Amino acid sequence: MNIDRCLGSLDEAITAAKTLGVDASAAVATRETTRTRLGFPSSAYVLALAGGTGVGKSTLLNAIAGENVSLAGARRPTTSDAVAWVPSSRGRELAGLLQWLGISEVRQHAGGALADVAVLDLPDFDSIALEHRDRVDELLPRVDAVVWIVDPEKYNDYVMHGRYLRQFAPRVRRQIVVLNRSDLLSLADTRRVAEDMRHQLQKYGAGTIDVVTTRAREGAAGIGELREWLESGVEAKRVVASRIAAEAHEAVRDLAADAGVLDGTAAPLIKPARRERALSSVAAGALAVIDVAGLERQAVAATRLAARRRGGGPLGLFTSAIIRLTGRARTSADPVDFLRRWQLRGSLAPAVEPLRELVTSTLASVPAPLRGTLAALSAPASLEHRLAETIDRSLAAEAAGFQVPTSALWSLIGIAQYAVTAVLIFSLLWFASLFVIHDAPVSSISLPYLGLVPTPVALLAATLLAGYVLAKLLGLHAGWLGRRWAKRVSARISREVRQRIADDLLVPLEQFEASRGALHQAVRAADDGCS
Ligand SMILES: Nc1nc2c(ncn2[C@@H]2O[C@H](COP(=O)(O)OP(=O)(O)O)[C@@H](O)[C@H]2O)c(=O)[nH]1
Ligand SMILES: [Mg+2]
């Protein structure tokens with residue numbers, strides 16, 4: 001047993017249970033109680049005499065004490081005050097502990113062989129006075145050891161079994177059952193009742209517990225055996241620690257049982273392969289909304305626009321300015337803006353559907369206390385919200401790095417286009433002058449098939465052709481560069497979106513799975529540390 005490790009496992013189990021939405025209030029109360037108990041001295045332990053009305057608790061205490069300590073045979077209901085029988089040597093040391101227990105009636109004794117134990121005579125736990133039961137319910141979680149007292153009438157009592165033994169016996173390590181008033185039974189029946197009690201307790205998970213048969217009113221019978229058990233050299237510290245450990249162990253086990261990870265392996269709720277499939281469907285849906293093909297078109301158009309501005313000569317400058325001014329650039333040639341406006345292109349509801357379906361399909365196999373939390377994780381609105389955030393993050397990261405390609409070739413083409421324009425203007429002027437100035441000198445050049453053609457006409461045609469070829473070349477080159485860039489951009493976006501969806505979208509679900517694993521681990525740690 002390692003009490004630190006044991007309590008550590010309780011802490012871990014509580015944290016995990018809370019994440020899972022399991023009600024941990026009982027375990028938190030247990031943690032409080034165990035911590036407080038550890039704060040008091042454990043050189044003596046507190047033993048409670050617990051049982052129903054009239055089974056002989058007070059008579060038994062008096063018989064152990066050998067004097068009248070507690071009022072026996074009193075009229076019912078007696079007071080709700082527990083009586084403590086305490087070795088006088090420990091009086092001062094135990095004062096704080098008794099105060100925490102709320103006990104004011106303290107009888108002291110010389111101690112002797114029972115110098116390490118404070119015995120409490122509890123109120124009847126089946127009393128018709130409810131405050132008596134409340135008192136018992138308050139005290140039992142705080143005591144270190146218990147003597148369960150039954151008699152022939154009450155050994156099978158429902159309150160005794162259903163409310164107390166079943167709950168507390170597995171949480172107490174030092175305990176014994178006393179079958180009192182055994183003078184009312186034959187020897188054979190006494191044996192049968194004792195056997196039955198032992199069997200029941202084992203069934204509750206309390207292990208093998210001794211049953212002592214007594215006749216408290218007559219003093220001697222069985223009392224010696226009980227005293228022997230009381231005196232049997234257990235160290236008080238061990239009693240206290242083992243009680244705390246048992247309590248913590250059960251608390252951890254209860255949490256794990258509620259979360260459905262007590263037995264078995266806490267295997268993931270969702271198999272990795274199914275999860276991968278769902279995630280890639282979600283990514284495909286998300287990319288459809290983002291519209292990667294549209295993005296590629298915008299990227300190509302943006303590249304062409306840039307090329308036109310740089311390599312289109314004066315005419316190119318003019319037309320690109322028009323495209324920009326009319327807003328056409330923003331709507332059809334701006335990949336960054338296109339990405340920013342992705343939400344306008346459709347709803348994510350169909351995209352998250354495979355994931356919602358996946359989680360919903362596991363709900364049936366999950367214990368009831370976990371369902372609420374899990375269902376909340378798969379609520380379409382929250383999934384869509386998470387997905388939108390994930391997409392926003394990946395697109396923002398990518399768009400920040402967008403750089404429309406450019407080329408020195410475009411500048412060369414641009415310079416050539418200026419030259420072409422100059423020659424064009426020159427030949428136009430020349431051409432016009434032929435009409436204006438009569439008898440202007442004009443030479444001709446001889447062209448194949450056409451024969452003699454006036455030089456200005458030939459020049460005009462040649463420059464127009466050159467301009468057209470240059471523009472075509474620019475367009476081809478820009479288209480090629482643009483498409484290459486667009487492919488790169490769309491591949492990176494797709495990869496990034498897929499990656500982020502795989503990494504981020506299921507974080508809450510992963511935390512949920514991790515908590516199940518942690519709770520399962522806590523049970524193992526408690527199995528080791530608490531026993
Ligand atoms: N027949 C018989 N009566 C007993 C025995 N022990 C106690 N009693 C009686 O049972 C009654 C209730 O005892 P008491 O100690 O007050 O029970 P408590 O309510 O559990 O504290 C008293 O009248 C006792 O005298 C016993 O071993 N045999
Ligand atoms: Mg009594």
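Q: Which residues are linked in a network of salt bridges?
A: Arg171, Arg243, Glu247 and Asp254 form that network. A salt bridge here is a side-chain nitrogen of Lys or Arg within 4 Å of a carboxyl oxygen of Asp or Glu.

Q: What should I know about the model itself?
A: It is a predicted model, in which local features need pLDDT of at least 70 and side-chain atom pairs count only at pLDDT 80 or more, while totals for chains, interfaces and linings use all residues. Residues are numbered from 1 along each chain as its sequence is written, chains are lettered from A and ligands numbered from 1 in the order in which they are written, and side-chain values use heavy atoms, leaving out hydrogens and water.

Q: Back to salt bridges. How many are there in the whole structure?
A: The search finds 29.

Q: Why would such side chains pair at all?
A: Side chains of opposite charge can pair when their charged atoms come close.

Q: OK, what does Glu195 pair with?
A: Glu195 forms a salt bridge with Arg198, and their closest N and O atoms are 3.4 Å apart. Both residues lie in helix α7 (residues 187–203), three residues apart, which is about one turn of the helix. Helices (H or I, at least four residues) and strands (E, at least two) are DSSP runs, numbered from the N terminus.

Q: What about Arg275?
A: Its side chain meets that of Glu276 in a salt bridge, 3.9 Å from N to O. Arg275 is buried at 18% relative accessibility, and Glu276 is partly exposed at 46%.

Q: New topic. How many helices and strands are in the chain?
A: There are 20 helices and nine strands. The chain's radius of gyration is 45 Å, well over the 24 Å that the globule rule gives for 531 residues, so the chain is more spread out than a compact globule. The radius is taken over C-alpha atoms, and the rule is 2.2 Å times the number of residues to the power 0.38.

Q: What does the C-alpha trace span along its principal axes?
A: About 155 × 45 × 35 Å.

Q: Which domains does the assignment give?
A: Domain 1 covers 44–234, and domain 2 covers 272–407 + 479–527. Such bounds come from an automatic or database domain assignment. The C-alpha centres of the two domains lie 68 Å apart.

Q: How much of the chain is buried?
A: Buried residues are 47% of the 531.

Q: Which residues of helix α4 are buried?
A: In α4 (residues 91–101) they are Gly91, Leu94, Leu97, Leu98, Trp100 and Leu101.

Q: What do those pack against?
A: They pack against several elements, among them α2 (25–39), β1 (45–51), β3 (105–109) and α5 (130–139). Contact means heavy atoms within 4.5 Å. Just after α4 comes Gly102, with a positive phi of about 75°.

Q: Which residue other than glycine has a phi near 55°?
A: Arg181 has that positive value. Arg181 sits in the loop between β6 (174–179) and α7, and is partly exposed at 29%.

Q: Where is Tyr449?
A: In the loop between β8 (444–447) and β9 (451–454). Tyr449 is exposed, with a relative accessible area of 89%.

Q: Last one: how far apart are Ala416 and Val436?
A: They are 20 residues apart in sequence and 30 Å apart in space, C-alpha to C-alpha. Ala416 is part of helix α18 (residues 408–436) and is partly exposed at 26%.

Terms used
Buried < 20%, exposed > 50% of the residue type's maximum accessible area, 1.4 Å probe, protein only.
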